[in-house]
Structure formats: structure tokens, C-alpha cells
Amino acid sequence: MSPQKPAAMSPKGTAAVLDVVTENRRKEALLKTGALQNAILNSANFSSIATDEKGVIQLFNVGAERMLGYEAAEVVNKITPADISDPQEVIARAKTLSLELATPITPGFEALVFKASRGIEDIYELTYIRKDRSRFPAVVSVTALRDDRGGIIGYLLIGTDNTARKRAEEALLEAEALQKAIFNSANFSSIATDEKGVIQLFNVGAERMLGYAAAEVLNQITPADISDPQEVIARAQTLSVELATPINPGFEALVFKASRGIEDIYELTYIRKDGSRFPAVVSVTALRNDHDTIIGYLLIGTDNTARKQVEAEQQKLDQRLRDQQFYTRSLIESSIDALMTTNPSGIITDINRQMEALTGCTRDELIGAPFKNFFTDPERAEAGIKQVLREKKVSNYELTARARDGKTTVVSYNATTFYDRDRELQGVFAAARDVTELKRFERTLQSNNLELEIAKSAAEQANLAKSDFLSSMSHELRTPLSAILGFAQIMESNTPPPSAAQMESITQILRAGWHLLKLINEILDLAVIESGKMSVSNEPVLLAEVLRECQAMIEPQALQRGVQVTFPRQDILGYVNADRTRLKQVLINLLSNAIKYNREGGSVVVDYASSGPGQIILSVKDTGEGLGEKKLAQLFQPFNRLGQEGGTEQGTGIGLVVTKRLVELMRGTIGVNSKVGEGSTFWVELESTAAPEPVAEETEPAATLKSELQSTSLRTILYVEDNPANLKLVEQLILRRPDLRLLTAVNGTLGVEVARASQPDAILMDINLPGISGVEALKILREDPLTAHIPVIALTANAMERDIQKGLKAGFLLYLTKPIMVNAFMEALDLALNVSLLAHQRDK
């Protein structure tokens, strides 16, 4: 029998079959769409709240229940999203939008969806209130849901808990509105795949972040193809170990946890179409159908570049601070003296190795133990701590230390109190030097004046060495501290600004840095006093101006103590030959003491008189308790605590010593008349002088200077510095100004060569440079006609008064010390550029 031919099908039959196939495919697509919708609506990673057009909640997903603590039945058809939002924030939002959009907006649900109702994409921050009344910050994305005719049928509010800084999407409504809400957002990438990983959906955010058009990736590649391959391999290896199952590198490694129902959020590097890379945070959800079968995956990603950059800068700053702390610790440990700190109760809180050697005890045994326990006379040791707390400082306080093995050592203690940035007392810092041999030597040479002079000379040399050490320590501490404070100030003013948490860290760094700088400056002040190297610059000074400034500065203290201060008529005052700044310092110190040691409700009278030809006396009289003869004899001795025996008044004990030294440097005389029960009168006698000749002001037209400044397109700054951190800091500050460019040189010789070749508008010069110093480089520049006109600013960690005077005398326009304050630095730079511009105009 011959085989039968298959029956031919009519055209109508063929069409019917095609219709069935098409219908089946449509149903399959709808099933997948429904599965996608269910997967998103049932996700617990973010809240999805859908309302009708009046704002009444119609859908409240699992994520919303988890975040807000309500069950859907408690809110659906009952309340609006405004009822679970902070009412004050809703009111504030209504006011802000009313101003922004120039239309009145009612506080309530309307304020939450007004922009979306006008077709404006709207994402904002809001505080949600849970059922238990606790609160959490959320980022809310609002979309208007529209029917086929474009009419609004409701709103979709997708919220992420911003406490953990997660961004997610959730939608609730019909498939078309849901997909538009998710896939039309450009704020994050949404990539949906089939179960094999082939990309099926690629939203606007993904296109923007990755540079591909959706048509270039749909049905062609998997998310693994746009991910860093080495990171994908590493993730597969890590998960294989973690989950004890082999996982293939590739798409499986990206979705394995999600495929097992495990919430999965991880960091990954995405690769753009142009080959560039960026860090992303990716949240993965498995998409399931009604039978709980996986039909695909949804990968939602956010660009993590900005956070990574801030974290990297924060890590660098933290490391610099740790390095600074290590460096400071190294300096402490390198001291030949036994150093220690105690709390106000005299309990040891920190020590160095020399203290361990002195006592024969370990660090653990010393810390937490009473200071007095390690001396032959515990009562005298305890009295020493109390004296420091009372007088703020003691010098050459002798004690005998007793080690564990019974060995005794005579030591000389120098101690001071230390405080936190809020001026709260923290304890005592003390340095003990072994003076056993010195004491033995002094006893041996007691009868020999020559040998006594030798001992005094040795002590002076030791004091000079201490001053040199303090100067060196200041320079070494200021250099790294300059980078720490400088970069912290830059981060504080960055655009966009740091987050609240980051700003708190930056603030703590700045507080600690400025406090450390304050401690360094206090040490330097003491060193200058002890070395006798303080200098003044005398010139004709108008007393009326100085007294007006003193009056303004002292009035708050007088008001606080209820003391009335009276100043003389200022129209009768003349000129004195003095240093204006130091004279003001002298008068402020005398006035401050007169108020501080006055009785409550007392008075202070400032008077003026001529004491003879060419002499003027200024006096400050108070109504305090007065001083007896014994106390008057001690008044101008260092570190005396007269008037502070009760511990109610604070001071360093060196104020009058400095005052006396300053008056003498200004070729004046200081004295005091006092009587117990009647008060004291301090007087300063200075040389009077004639008014200075008026100085003709330059008549450079302001309009011309302004025009030149505006027409100058680019100004050049040369920075000569060998420290990479300081170079980087100044570079970042200069780059903030589009009208400036920066040239650098790492030593003085190279700096001179660059200056000659490039003719910069201004030069920033470090002092301690390899090879020739900054001062020597300045001398070369000034002697060369090509560079003599360029203004040069010293930017250095040499902050001693002698260094500043030496630098200004050498010819620097300004002398800035590190660490710099950004605002002051930029003002100094502008001044130098103006000087340069004026010189250029004169040359024309």
C-alpha cells in the first residue's frame, strides 16, 4: 500500500492555528508580567503604597507592613500616606512647594503628590511614623497612575528605609503602571532577566549609568557581561565556600542567593559601554510565577561612586590622624624625661618608657595607680598635684622617686594642667628629670663660686636646649597637622556637602586638630618667655585708640563680675612711643586682673597723667583686697599665684611677668602701690612722643584696579614646598579658583629657576627646604631684576616669634604659619595678587 499524503489544510485552518499560537504566547507574556508584578509587590525590601485619586490607600505591600508595622487591613480604604508621615514635614513641604510652584498647596496628601500630579518626577526625603510611633527616615518616589486616556486614577509611593541607605523600587497596581513607575526612573538602574539571565528589561537609569541603549542588550547579554569578570569569579569562589556548594563564575554567581530565597545586596563594579568603570550597590530579587517557579531576576543598582570617593578620603584622613598620633607618641617616648599624665584625682592615666625605668614598674602597673605611691614622700607628691591644679603650673618641684627594688632617684618636676576643647579640666601633664647627679654636683661645689657659675651656665644651656627642642617639636607637629586640618576644612566645604555622619567625623577631626594646635602655641609662648627673646616694634601710638579698643574688649568681663570700669577723657590723650599690639596686651592684662581680683560691685579707674618732661603715666586702680609687703615682693616673680590661693580664680601665673618684660622692652617702667583692705594701683610709665607725619595715600583709581582684575583671565601661583601633603593641600585650594593656575617646585634652587622662567604673579615659599632655604631663595629672587617685583609669601611651620620677625625682615610680603586656616590663606593670596597687579600697572 502506498503511503498516504498528509491532508492539505485550508487557509482558514492555518489562520486558526496561528491565532491559537499567538494567544498562547500572549497568555505566557501576561503570566510573566503578572509574575514580575507579584515578585515586586511581595518584596520586603521596600514599601509600595498605592492610593486612589483622593489619596486613600488601596494597596499596602509586604515591605510597607514590615517597615511601618501596620497590617494591610489596618490601612486599606481607611487612611492616606499623609497619616503615617511626620505632620510638621508635610506642612513644611506644602509651604516650600507653594513658593516653588507659585500656587497654594494644602498641607496633607496633596503636598506629597502635587508634583507627580503635574507630571513632574518627584523623589524626596520624609520621616515615616510606624504603628508603635517610632520614626525612620525614608526616600519616597511618587508616580501618578493614569488610565488609557491619561486621567489620574491614583498614586504609587515607593519608599526605602534611608537609615541603612538602601534604594529600592516597589510598585503596586496594574502591570503597565507598575512597569512605568519602576522602569522609567533614571535615578537607578533596573535590569530584569529571564530565568537564564538574558536581559529582558533595561530601564532609563540603566541606560544612563551604563551607556548602552536598551536595544543593544535586550535578548543578547546577561548582567555578568557588564560586570567586572575578576569580581564575578571572586564572588563565585566566596559563595562556594560560604554555602558549601560549587557555583559557576558568571550570571549564576550574581543571583545564586536570590535563587535560594536569600535576600542579597552586594557591591560590584559595572563596566560601561565606553569601557569606563564605576562601583555600584546591587539588590537582587528572584521573579516567580504563581507556582513559585523562578521566571527571571530583577537587579536594581545604584551608582556608588560618590560614597566610595568620600569613604576613600575619610580613610586617608583617618590614617593621617593615626600617623599624627603615632608621631606624637614617638616624640613622647623619645624624651629623656619621665612623662606622665594624671586625672584631677592624681590617678595616673598615661606614661612613657622613661617613667617605667624610673619606677621599675610596667605600664599596666602604673596606669590606674595613684601618682603619690611611687615617691618616698607621698604627702609631698600629692601636694604637688594639688598645687598644679590650684596654680595651673609648677616648675622645678623636687621629689624623690622610689623604684620597686628600693632605688631612689631625685627628680625635678615641671607640670601643667591640660583641658579639652570645651575648657573642661582633664588632668595634669608632668615631666620628671633625674637631677640626682646635678644635686650631688651642686653639693660638691657649694663653696666654690666659679663652679657655681658653671652649674648655672649648664642650667641655662639646658633651658636653651629645651627652647630649641620646643621650636623643633612645634615645626614637626605643625607640618603633618597642616595637612590634617587643611584637608578636613576642604572636605567640610566640599560640593556636594558631606552627609551628616561624615560631617560629624570631620567636625571631630577639626576639633581635635585645632585643640592640638592650641596646646602647641601655649608651649611656644612659654618657651619665648623663658628664653627672653620676645621683641617689640616701637612707634608713635595714639593712646585714645588703644584705650577705646581695650574698653570694648574688657566690658563683657566687667559686666559679668558687676565691676564698673571708668576710662579718662580720650580727647586729652596724646601719643606714646610703644608697640601698639604689646601695649594693648599690657593694658588688657592689667584691666583683666583688676576686674578678676576685685570685690563684687567694685570699681576700676583708668587714669592718665604727665610724670615729667616727655613721660606719661597710665594707671589702673581697683577696689580689691590689696596686697601686703610680702606679696608685693613676689608680685612680678614667675608662676606666683597671688590672689588665687583659694583656687577660685584661674591663671597661669606668668601674666605679670610677661607684662613687666613687655613694658621694659618698650623702654618703660611698671610698678604697683597697694594697701591691704583698700585695693591696688598698677601704673605704667612710657615715653611720650609727637604725632607721626601723615602718610600720603596712593591714589591708584579703584575703578582701574577693578577693571584690571576683571580683565585678567588667569593668574599664576608658584608654590615651593618639599612636603607632598602640603603640596596636595595647596593644589586643591588653588584648583577651586578657575582664575588661578599652580606651578610647583620641591626645593629652593628649582623654585628660583621656575620663577625666572614662568614669571608667576605670586610665590608661596616654605622656609625649611632641601638645599638652599626659603630665606636664601627669597634673597636670590630679590637680587634678580627679572623676579624682584614678584610678591613672595612665606608658608611655613616655623612659628616662633624670632622666625616670624626674621622672615618679615628678609622681605616676605606676609608670613603665614602652618596649619593654615583656609579663609585667611585665600585672603593672603588675594592680597599678593593685588600687590602684583598694582606693580604691573605702575610698570605700564
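Me: What makes you say that the charged end of R380 sits over the ring of Y397?
Reply: The charged end of R380 is 4.2 Å from the ring centre of Y397. The rule asks for NZ of Lys or CZ of Arg within 6 Å of the ring centre and within 35 degrees of the ring normal, so R380 counts as sitting over that ring. The charged end of R235 gets the label too, 3.8 Å from the ring centre of Y266.

Me: What sort of model is behind these values?
Reply: This is a predicted model, where local features need pLDDT of at least 70 and side-chain atom pairs count only at pLDDT 80 or more, while totals for chains, interfaces and linings use all residues. Side-chain values use heavy atoms, leaving out hydrogens and water, and residues are numbered from 1 along each chain as its sequence is written.

Me: Why is the pair of Y128 and F136 called edge-to-face?
Reply: Rings of Phe, Tyr and Trp (its six-membered ring) pair if their centres lie within 6.5 Å; planes under 30 degrees apart are stacked, over 60 edge-to-face, the rest tilted. Y128 and F136 come in at 5.9 Å centre to centre with 70 degrees between the planes, so they are a pair, and an edge-to-face one.

Me: How do you know whether Y128 and F136 are buried or exposed?
Reply: Buried means under 20% relative accessible area, exposed over 50%, partly exposed in between (1.4 Å probe, protein chains only). Y128 has 1% relative accessibility, so Y128 is buried; F136 has 2%, so F136 is buried as well.

Me: And what makes F251 and Y297 an edge-to-face pair?
Reply: Their centres are 5.7 Å apart, with 70 degrees between the planes. The pair links distant parts of the chain, 46 residues apart: F251 is in helix α9 (residues 251-259) and Y297 in strand β10 (residues 294-303). Helices (H or I, at least four residues) and strands (E, at least two) are DSSP runs, numbered from the N terminus. F251 and Y297 are both buried.

Me: How many aromatic pairs does the rule give?
Reply: Seven. There's also an aromatic cluster made of F371, F375 and Y413.

Me: Why is D337 called buried?
Reply: D337 has a relative accessible area of 12%, so it falls under the 20% cut-off. D337 is found in the loop between α10 (305-334) and β11 (338-342).

Me: Which residues does D337 touch, not counting those up to four places away in sequence?
Reply: D337 touches N352, Q354, A431, A432 and R433, where contact means heavy atoms within 4.5 Å.

Me: How much of the chain is buried?
Reply: Of its 844 residues, 44% are buried.
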